Amino acid sequence: MNERMSSSAEAEAQTRAAQLWLGASRNALNRLVRCLFAERLLEPDALLRARDGNQAWLPLWQSRRVLHFADLRRAPAGTLQNRGSVEVLDETGARRRIDDPSDLIGQVVPALSIKPASDAVQHLIRDVEDSMRNDVLARRHREHWSSELRGKVAEAGAQGFLAYLEKSLPPHLAAMTLDQWGALEGHPFYPTWKAKPDLSPEDVTALSPEFGARVRVRVAALRKEWTYVERMPHVGSYSEWFSQNFPELWRDWTDGLNERGKSPEDWLPLPVHIWHLDNFVRREFAFEIASGVFDPDGPEVVTLPSMSFRTMLPDEQEPRPFIKLPVAIWMTSEQRTLQAKSIHMGPRLSTLISDILSKERELCDGLEIFTEELGAILHHPITGDEHPGRFLSVVYRNSDALVRNDGLPVTVAALLTASPIDGRPLICELIARSGDESEAGVSAFFRAYVVTVLRPTLAMYLLYGIAFEAHQQNSTIVFDETGHPRKLLIRDFGDGRSFAPLFRKRGHDLKPFTRAGILPTTFDDDIGLVRSFVIDACFVCHLHEVALCLREHYALSGAGLWRILREETEAGFDALRPRMLSDAFWLEERKAFLEKPWPSRSVLRMHLGRYRDYRVEHELPNPMAGAE
Ligand SMILES: Nc1ncnc2c1ncn2[C@@H]1O[C@H](COP(=O)(O)OP(=O)(O)OP(=O)(O)O)[C@@H](O)[C@H]1O
Ligand SMILES: [Mg+2]
């Protein structure tokens with residue numbers, strides 16, 4: 001009997017594993033199809049469609065084959081959603097189902113509009129498979145996590161998951177639980193969305209936010225004269241700031257140095273991610289360790305990794321600043337280092353935006369930023385070289401915006417992630433609070449949401465030339481107890497783009513970071529790259545995805561949500577018109593946002609080009625242009 005039970009449990013586990021694997025393959029296939037057509041690596045106009053239904057065929061002339069898509073839906077912005085099976089037909093009429101993304105890649109390579117760099121296809125296949133493996137791990141973990149949470153929510157008698165978190169945790173930990181919860185799906189476009197090729201499955205599980213990880217950060221020490229420090233004006237000195245914000249760690253750190261016969265005055269505390277320390281820093285910085293520039297010993301703090309994996313919040317009842325760290329791990333297009341530019345520009349842009357907000361009362365009502373108060377990087381005292389420092393650096397980010405009494409801050413990606421209670425996206429729990437989930441109710445919610453995100457983003461861009469990278473991971477929305485969106489909270493300024501002539505004309509200044517070999521982010525002549533940063537992050541990766549999610553979950557037909565997006569973008573432009581420096585600029589920008597095609601980062605093209613060029617863009621048809 002027992003044996004029979006255990007074998008049936010085993011069979012069930014195997015079936016579940018097979019389902020998860022199939023789900024991950026579908027996810028990967030759908031992402032690939034979406035990117036291939038959006039980036040015009042495959043020509044969407046070459047698709048032959050059935051008169052009714054969503055079937056489509058794509059001839060692959062080079063190999064005399066045809067791809068058949070059983071359910072390929074056209075979504076606004078020309079993005080294609082693959083929701084059915086994909087088959088390949090050969091010249092004899094034989095059909096074969098494609099379940100495996102590497103199979104699809106193999107079929108389409110000869111038909112691509114570009115020639116991939118050597119090895120790029122193998123790299124793509126490897127990274128897609130790595131994503132799938134991690135996707136399976138994360139979803140398996142989530143089943144347990146969800147059932148545990150369901151139990152807790154029921155026990156607390158809370159109205160939902162969000163209500164439970166608000167009730168049971170201090171505000172910063174409630175917000176961070178949501179941030180980790182929202183890390184499940186990853187970036188909405190990347191075909192290699194979950195790849196971490198440098199990590200073992202055990203490390204992925206132990207370190208990634210989607211597993212609810214807790215990660216140790218070592219507070220090591222760097223010689224003062226080997227450190228470049230950038231700080232906001234209110235910060236006195238690095239040591240003073242650190243001792244005030246992390247008093248226990250400071251005490252243990254100074255005690256430790258004293259015990260090792262070192263004088264704390266000669267050193268600065270430098271937090272290092274524990275994986276990075278053990279797997280990279282000890283080896284690559286062996287010389288600095290041996291020669292007494294860097295001391296890897298010190299106290300540790302347990303942290304929650306946030307959605308970006310490498311920005312850590314101490315796991316304490318009292319809120320502390322976030323600690324943003326380099327990790328020598330490749331994730332969505334970059335090795336996640338923290339280079340000199342981010343150290344220099346994070347605090348400077350935080351200062352500039354804070355100065356602007358101190359004079360813009362109305363903007364302040366709808367916008368707060370997570371200021372990057374302080375940064376530090378390994379800096380050669382004689383040559384001034386900061387390049388190796390991209391692996392030995394830190395930025396501290398103020399977390400005050402998470403602690404509030406006007407509502408719950410939710411990282412946007414979490415809104416689109418399934419609730420542990422009913423499997424619907426969490427955004428539905430907020431809409432349900434109003435008691436109106438009819439089409440009119442959902443539309444009204446979306447209108448308020450768009451206003452919350454767009455008004456501050458457009459104002460900062462059109463008035464001051466400052467682009468927020470307001471994608472799903474960098475944007476947090478505060479929702480009040482009725483589920484109404486109230487405020488936008490923005491993070492991540494190290495790579496923030498800006499257009500100097502605009503903020504200068506309004507009496508502000510920003511010292512740009514210029515260094516050979518590093519792409520500039522402060523522009524003087526062309527606002528185009530600043531604009532495309534806003535459009536891609538805020539419209540393509542964020543608002544467009546929220547609209548798609550709502551349309552699907554509430555089975556809304558037509559282009560109603562895109563009409564709302566257009567109306568509120570128009571209203572945002574109208575509101576700012578009287579304050580613009582030139583009407584010609586206003587007209588041009590209005591056209592670029594509302595009518596012209598949307599620029600977007602070509603993430604698959606960059607992958608296939610092995611990242612020789614980081615600024616490859618493609619254009620998507622503007623979904624607001626025809627939305628009636
Ligand atoms: N929905 C999402 N959208 C965008 N990025 C996501 C999403 N979910 C997870 N991520 C991860 O977050 C990171 C986003 O990169 P980005 O450069 O904006 O942040 P960062 O500079 O690493 O960190 P932080 O935002 O904490 O300052 C990537 O590593 C990406 O894989
Ligand atoms: Mg970010």
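How many cavities of 30 Å³ or more does the structure hold? In this predicted model, there are four cavities that reach that volume, and the largest cavity has a volume of about 80 Å³. Among the residues that line the largest cavity are Leu 22, Ser 25, Arg 26, Leu 29 and Asn 30, together with others such as Asn 82, Val 86, Arg 97 and Asp 99. Two elements, helix H1 (2-38) and strand S7 (95-98), each supply at least two residues of this lining, and H1 gives the most, with five residues. Sorted by class, the lining of the largest cavity has four nonpolar, five polar and three charged residues.

We can now turn to the ligand. Which residues are the closest to ligand 1? Of the 19 residues that surround ligand 1, the closest are Arg 310, Thr 311, Lys 324, Arg 397 and Gln 473. The shell around ligand 1 divides into three nonpolar, nine polar and seven charged residues. Because domain 2 (212-397) and domain 3 (404-620) both give residues to this shell, ligand 1 lies between them.

With Gly 186, a backbone N or O atom lies 3.4 Å from a nitrogen atom of ligand 1. Taken alone, ligand 1 exposes 630 Å², and the protein buries 92% of that area.

Key: Residues numbered from 1 in each chain as written. Chains lettered and ligands numbered in written order. Predicted model: local features only at pLDDT ≥ 70, side-chain atom pairs only at ≥ 80, totals over all residues. Heavy atoms only, no water. 1 Å grid on protein atoms, 1.4 Å probe; cavity = no way out; pocket = protein on both sides within 12 Å on 5 of 7 lines; lining within 4 Å. Points joined across faces, edges and corners; volume = space filled by probe spheres on them. Helix = DSSP H or I, 4+ residues; strand = E, 2+ residues; numbered from the N terminus. Nonpolar A, V, L, I, M, F, W, Y, C, P; charged D, E, K, R; others polar. Near = heavy atom within 4 Å. Polar contact = N/O pair within 3.5 Å; in protein donor to acceptor, adjacent residues only side chain to side chain. Areas by Shrake-Rupley, 256 points an atom, 1.4 Å probe, with all protein chains shown as cover. Domains from an automatic or database assignment.
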